[in-house]
Amino acid sequence: STEDADAAAAAAQQELPFLYLYKDVSAADTTPGQSVTVTVTLKNVGASAAFDVVLTDKAPFAEEQSKKVEELAPGDNVTISYVVTPQSLGHTVLPFAEATYA
């Protein structure tokens, strides 16, 4: 979005890290027992490295996923992927993933 681009540009001018987090699901429509893959990507679009980066995600019907990297350089990304198998009919809401860094 324009706001994200503006924030990334401001971070670059100040030579700060700026982390962009997004989640993708391999299929929008599923049936109970049909697995889908969830991929969460964290990218540093800022001008300096982020340190002690922790990416965490928790989805229904799956264990919490977490990945830590000591340094995420500008332009680099870190991803986690895992399989979710819905067990019931209805709409499944995937909560927001979280990222922290020093």
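Trainee: Is Asp57 buried or exposed?
Mentor: Asp57 is buried, because its relative accessible area is 1% and the cut-off for buried is under 20%. Keep in mind that this is a predicted model.

Trainee: What does the side chain of Asp57 meet in a salt bridge?
Mentor: The side chain of Lys23, at 2.9 Å from N to O. Asp57 sits in strand E3 and Lys23 in strand E1, so the pair ties together parts that are 34 residues apart in sequence.

Trainee: How does Lys23 count for accessibility?
Mentor: Lys23 counts as partly exposed, at 27% relative accessibility.

Trainee: Which residue touches both Lys23 and Asp57?
Mentor: Phe96 does, leaving out residues up to four places away in sequence. Phe96 lies in the loop between E5 and E6.

Trainee: Is Phe96 buried or exposed?
Mentor: Exposed, with a relative accessible area of 81%.

Trainee: OK, strands now. What does E1 pair with?
Mentor: E1, residues 19-25, pairs with E2, residues 36-44, in the antiparallel sense over 7 bridges. For a landmark, Tyr20 has Lys43 in E2 as its bridge partner.

Trainee: How many bridges join E2 to E5?
Mentor: 8 bridges, and E2 and E5 run antiparallel, with E5 covering residues 77-84. In that pairing, Thr41 stands opposite Thr79 of E5.

Trainee: What holds strands together in a sheet, in general?
Mentor: Strands of a sheet pair through backbone hydrogen bonds, in either a parallel or an antiparallel way.

Trainee: Where does E3 come in, what's the order of its sheet?
Mentor: E3 belongs to an open sheet of 3 strands in the order E4-E3-E6, with antiparallel pairing. The edge strands there are E4 and E6, each pairing on one side only. From one strand to the next, the twist averages 15°.

Trainee: How many bridges join E3 to E6?
Mentor: There are 3, and the two strands run antiparallel. Leu55 stands opposite Ala99 in E6.

Trainee: How do the two tyrosines, Tyr20 and Tyr22, count for accessibility?
Mentor: Tyr20 is partly exposed at 36% relative accessibility, and Tyr22 is partly exposed at 38%.

Trainee: Switching to backbone angles: which residue has a positive phi of about 50° although it is not a glycine?
Mentor: That's Asp52. Asp52 lies in strand E3, residues 50-57, and is partly exposed with a relative accessible area of 40%.

Trainee: And which residue has phi near 65°?
Mentor: Phe61, another positive value in a residue other than glycine. Phe61 is in the loop between E3 and E4, and at 39% relative accessibility it counts as partly exposed.

Trainee: What about Thr85, what is it in contact with?
Mentor: Setting aside neighbours within four places in sequence, Thr85 contacts Gly33, Gln34, Ser35 and Phe61. The side chain of Thr85 also makes a polar contact with the side chain of Ser35, at 2.7 Å.

Trainee: Where does Thr85 lie?
Mentor: In the loop between E5 and E6.

Trainee: Last one, Ala73. Where does that lie, and what does Ala73 touch?
Mentor: Ala73 lies in the loop between E4 and E5. Not counting residues up to four places away in sequence, Ala73 touches Asn44 and Ala49. The C-alpha atoms of Ala73 and Val45 are separated by 9.0 Å, with the two residues 28 apart along the chain.

Trainee: And how does Ala73 count for accessibility?
Mentor: Ala73 counts as partly exposed, at 23% relative accessibility.

Key
Residues numbered from 1 in each chain as written. Predicted model: local features only at pLDDT ≥ 70, side-chain atom pairs only at ≥ 80, totals over all residues. Heavy atoms only, no water. Pairing = 2+ DSSP bridges. Helix = DSSP H or I, 4+ residues; strand = E, 2+ residues; numbered from the N terminus. Polar contact = N/O pair within 3.5 Å; in protein donor to acceptor, adjacent residues only side chain to side chain. Contact = heavy atoms within 4.5 Å. Buried < 20%, exposed > 50% of the residue type's maximum accessible area, 1.4 Å probe, protein only. Axes fitted to C-alpha atoms, helices over the stretch in contact; angles between N-to-C directions. Salt bridge = Lys/Arg side-chain N within 4 Å of Asp/Glu carboxyl O.
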